[in-house]
Structures are given as C-alpha cells and as structure tokens.
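Subject: Structure handover

Hi there,

Here is the structure I promised to pass on. Please have it open while you read, and my notes follow below.

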Amino acid sequence: MAGMSATSCETLRSFWKPKDDFVKTLNLPDWVLESSIKLRIFSDFPNTVNPEDAMPEDDIASFANQSRVLLAASPAAMRDIYKMAGCLDGSELVGIRGNKLTDSQEDIWYGLCKSGAQDTIVFKVFEMGNDDLYRLYEDELTKNWEESKKNMNSNPDKAVRLATRIVEHEPSHPGARRLLGSLYLKAGYCPGAIRNYRIYLRILPRTPEKSRIDDLIRKSCKESLIPKKQEPKEFSEDLPTIEESGN
C-alpha cells in the first residue's frame, strides 16, 4: 500500500463532530474538544509522522462511530498505546482479540475490557509497511520512554526532549502526552500543556485524572482557554527552558 509523506496531513484528517450525542456522554471539558492551530512550522522529515509535534490535535486523536480514532505508525506502538489507554468505558484492557487492516490505511484493533465490554480503537496508519518506523519504535522509542520517565523530576528538560521525540513518531502515545502536559504546566507554558492534555484526555476520556487536570488547566491557563481567531498563516513559537525541579 502506498505511503503518505509527512506533509500530507490533510489526507489524515478525520471528520468528527465534537458535539454529537456520543461525545457528550464522555463529559469531556469544552477545551478538550477544541483544536488549536499548529504550535510550530510543519516541515518534512524522513520517517517522521508528526515533525516538530505540529499536527492539529484532530488529526492525532478524535472519535468516530463510538470509537477512538488515533494516529500511529508501528504495530508495536499500537499495542502499547492500547494497553496504556485502556478501554473507552474507563476499565482496564485485559486482552486484545485481534486486528483488521482496511483499504483506507486503517488498522482496527479489538479489545476485551475488565468490565466485560468489548472495545475498538481505529488506528490511522502512517506509511503502512514502513519497516524503518517499526524498528525505530522497538529499538529506540521504547527506551526513550523509559528514560523520559526516569528524568521527569531530576532533569525535566531532558524528559521533554525525549517525550517530544516519541510523539513526533507516535503522536498518540498517551504516556508521553501526559508527561509533556505535566511538565509544560509546571513551566507555565500553557499552549503546550493544553495541547498535550487535550490529546491525552481524548485518548483516556474517562481517566480518574480528568477533573484534576481540568481544574489545574483552568486555574493556571485560564487566559489560554479563551478562543482566539485562527491566523491563516503558520507560525513558529519558541519553547521555554524548563527549570530543573523536583516534586
């Protein structure tokens, strides 16, 4: 199946309705259902799904037909993402029943939930069959994830760099999104905190952390939640330096 270049993000965009009846049942904060313009300039890098973490949130995580629709590259990453995300009803994923490839560059995964329910995640696949991306996740990105967790408190700058590399290749990695949201919030970088927590809560819409995250964002980033008129041009925005800090 033909691959897609990193600049063809428009072809990946899923049409979804944040206000439909199913999405309303998830009780997500309004700011989670919004979508910002790109944080930085989108450029083309080989084997990079989401260069500079610039892809709109709707292309990374959305909902359709009462299922999550997530962007991914590696089957190994899809497995890990599903395990971290759990089931849409909020219960633990206890098993994966199988998966089905479609002609639309989708890989549909079917799971069994601790609640007894059955669950589905639709993965939109970037460059299906790209062995380099598959090996990259297994050989490097899983190590990056473990290293980023270890450095979250002792060296947050390093943790951010590692987690950002993960989401550039696997944009819907919920662990990396949560880590980035937390560190950006501590640094006072509200656009980054909102973006990463927005994606995280779309992937885990019934996480017990939802109310706490909503309270933190509304307390610390209230001004950034005010809808702004979207600019027609792309822009660059420098990231802040994150001070080394503990808990």
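Let me begin at one helix end: helix 4 is followed by Gly86, and the phi of Gly86 is positive, near 70 degrees. Helices here are DSSP runs of H or I with at least four residues, strands are runs of E with at least two, and both are numbered from the N terminus.

A word on the source: this is a predicted model, where local features need pLDDT of at least 70 and side-chain atom pairs count only at pLDDT 80 or more, while totals for chains, interfaces and linings use all residues. Residues are numbered from 1 along each chain as its sequence is written, and side-chain values use heavy atoms, with hydrogens and water left out.

Back to helix 4. At its start, a side-chain oxygen of Ser74 comes to within 3.1 Å of the backbone nitrogen of Ala76. Ala76 is also one of the buried residues of helix 4, among them Met78, Ile81 and Tyr82. Buried means under 20% relative accessible area, exposed means over 50%, and partly exposed is in between (1.4 Å probe, protein chains only).

Next, the cysteines. Taking a disulfide as a pair of cysteine sulfur atoms within 2.5 Å, the count is 2.

- Cys87 and Cys113 have their sulfur atoms 2.2 Å apart. The torsion about their S-S bond is about -100 degrees, so this disulfide is left-handed. Cys87 sits in the loop between helix 4 and strand 3 (93–101) and Cys113 in strand 4, so the pair ties together parts 26 residues apart in sequence. Cys87 is buried at 4% relative accessible area, and Cys113 is buried at 6%.
- Cys190 is joined to Cys221, again with an S to S distance of 2.2 Å. This link is left-handed too, with -80 degrees about the S-S bond. Cys190 belongs to helix 8 and Cys221 to the segment after helix 9, 31 residues apart. Both ends are buried, Cys190 with a relative accessible area of 11% and Cys221 with 1%.

With the bonded cysteines numbered in sequence order, the pairing reads 1-2, 3-4.

Helix 7 (residues 174–187) deserves a look as well. Its 14 residues reach 20 Å from first C-alpha to last, close to the 20 Å expected at 1.5 Å a residue; the expected span is 1.5 Å times one less than the number of residues. Of those 14 residues, 11 are buried, so helix 7 is largely enclosed by the rest of the structure. The buried ones include Pro174, Arg177 and Tyr184. They pack against helix 3 (57–60), helix 4 (75–85), helix 5 (131–150), helix 6 (156–169), helix 8 (190–203) and helix 9 (210–220), with contact meaning heavy atoms within 4.5 Å. After helix 7 comes Gly188, with a positive phi near 80 degrees.

Finally, the rings. There are 3 aromatic pairs, where rings of Phe, Tyr and Trp (its six-membered ring) pair if their centres lie within 6.5 Å, and planes under 30 degrees apart count as stacked, over 60 as edge-to-face and the rest as tilted. One of them is Phe22 with Phe63: the centres are 6.3 Å apart and the planes at 70 degrees, so the pair is edge-to-face. Phe22 is in helix 1 (residues 21–25) and Phe63 in strand 1 (residues 61–64), so the pair ties together parts 41 residues apart in sequence. Phe22 is buried at 18% relative accessible area, and Phe63 is buried at 3%.

Best wishes

Conventions. Polar contact = N/O pair within 3.5 Å; in protein donor to acceptor, adjacent residues only side chain to side chain.
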